[in-house]
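Please consult the sequence and structure shown here.

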Amino acid sequence: MSVPFESLPQPMLARLASELPRGAGWVYEPKYDGFRALVAHDDGVRVVSRDGRDLERYFPELPPVLAGALPRGCVVDGEVLVPTPRGVDFDALLQRIHPAASRVALLARDTPATFVAFDVLAAGGEDLCARPLSERLARLESLLGASSSDGDDAIRDALTGAARRVVVTPRTDDHERGRGWMSRFEGLGLDGVVAKRLDAPYRPGKRDMVKVKLQRTADCVVGGYRLSKTGDGVGSLLLGLYDDAGVLHYVGHTSGFRAAERRALLGELRALEGDGGFGGGRAPGGPSRWTGGRDTSWVSLRPELVCEVSFDRVIGERFRHAVGFVRWRRDKAPSECRFDQLRAPSA
C-alpha cells in the first residue's frame, strides 16, 4: 500500500458466533450500529464505505474534523455513527443518503456524525496490514493522541455524542466485561461485541474477527404473506404488532422456510385470506427505488395467527433486518402482540 490511496481495500470482516471466544490473546470491542468506513488522509480526506462508495458528500462535516485529527499518509478503519443523547440513531444515519445537497447540509448541522476508529491499515505511507493487531492499536492511539478505555463511560460517551467527533473505540481483554456490554448498552444502540486476536494481521475482505450480536424475540401477528418466486408456496410472512389504540401495524417479515414447508403453509394460510391484516395501520410497501423492480404484491390475512420471531435491531417501529422464524404460538392471542416487546432496556 502506498500514498496516495486511490484504491482502498475492503475492510476486514467478522463471522457471526453465538458466544464470544475466551482465552489469552483476545480483545473485545463494541459493535456499533452505523456505517463501516475506511478513512484515507492524503492530499484530502476520503471516507469510503464497505462496498467502495465515497461517503464525503453525505457526511460533509466529517472531512474537516478527520483532517484535523489524522496526519497525512494514513488509512484508518472505523464506523460512522449519528449519536444522540438517547443513543445511536440509525434512522438519522440512513436519512443522510439523500440526493439533495441542501438536505444533507441541514442534517449535517442538526445531527452531526462521529467517526469511531478501531484499526489502522497504513501510517506515514507505510503499509501496516502485516503487523499484529497489538502493534496497530498502539499506532492508532499514537496517531489520534488518545488511548482506548475499557470503562463504561467511554462507551456511553461514544453512543451519545458526549465524546469528541473522532474517537478511538473502547476495548477490553476481560471476557466478562465485554460480554456485559451487550446488555448494559443495548438501550443506547450497541449492536453487539466483536472479538479480535491481538497477534492477527489485517486481512482485507476476510472474516477473521468474531462478532456476537444482540438477539431478542417477539411474538407477532401474521397479517399477510408474499408468494415464493415459484408461486407454489409462501415466500415470506408479513408481521404486525398492535399499538396502544389497538391498530395493527406492519413491522417486518420472516422467511427461510424449506420448499415442503412453503407449500404446506400456503394451503393453511389460504383459509385465512381476507381483510383485516394491516387494514387500519401501516402496511407493507409497494414498488420503490429500493425494490429494484421486484414483485412486492402481498396477500392480506385475517389477524388470527401468531408466531415467535428472533430479531437483533429495531429502527423506528420496524425490524431493521429480516427476522428469524422461531415457532408458532397457537397459545397466544393476537391482541397480546404489542409494540412494548420491542423496547430495549435502558442503559
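## Charges over aromatic rings

In this predicted model, arginine 320 places its charged end over the ring of phenylalanine 90, 3.5 Å from the ring centre. Phe90 also belongs to an aromatic cluster, together with Phe35 and Phe59.

Arginine 197 likewise has its charged end over a ring, that of tryptophan 26, at 5.3 Å from the centre.

## Aromatic pairs

Seven aromatic pairs are found in a search of the whole structure. One of them joins phenylalanine 278 and tryptophan 298 in an edge-to-face arrangement, with 5.7 Å centre to centre and 65° between the planes. Both residues lie in the loop between α7 (259–270) and β16 (299–300), so the pair ties together parts that are 20 residues apart in sequence. Phenylalanine 278 counts as buried because its relative accessibility is 3%, under the 20% limit. Tryptophan 298, at 28% relative accessibility, counts as partly exposed.

Phenylalanine 311 and phenylalanine 319 form a tilted pair, 5.0 Å centre to centre with 45° between the planes. Phenylalanine 311 is buried, at a relative accessible area of 2%, and phenylalanine 319 is buried at 6%.

## The two sides of helix α1

Helix α1 spans residues 62–69, and its buried residues are Leu62, Pro63 and Leu66.

Conventions
Residues are numbered from 1 along each chain as its sequence is written. This is a predicted model: local features need pLDDT of at least 70, side-chain atom pairs count only at pLDDT 80 or more; totals for chains, interfaces and linings use all residues. Side-chain values use heavy atoms; hydrogens and water are left out. Buried means under 20% relative accessible area, exposed over 50%, partly exposed in between (1.4 Å probe, protein chains only). Helices (H or I, at least four residues) and strands (E, at least two) are DSSP runs, numbered from the N terminus. Rings of Phe, Tyr and Trp (its six-membered ring) pair if their centres lie within 6.5 Å; planes under 30 degrees apart count as stacked, over 60 as edge-to-face and the rest as tilted. A charge sits over a ring if NZ of Lys or CZ of Arg is within 6 Å of the ring centre and within 35 degrees of the ring normal.
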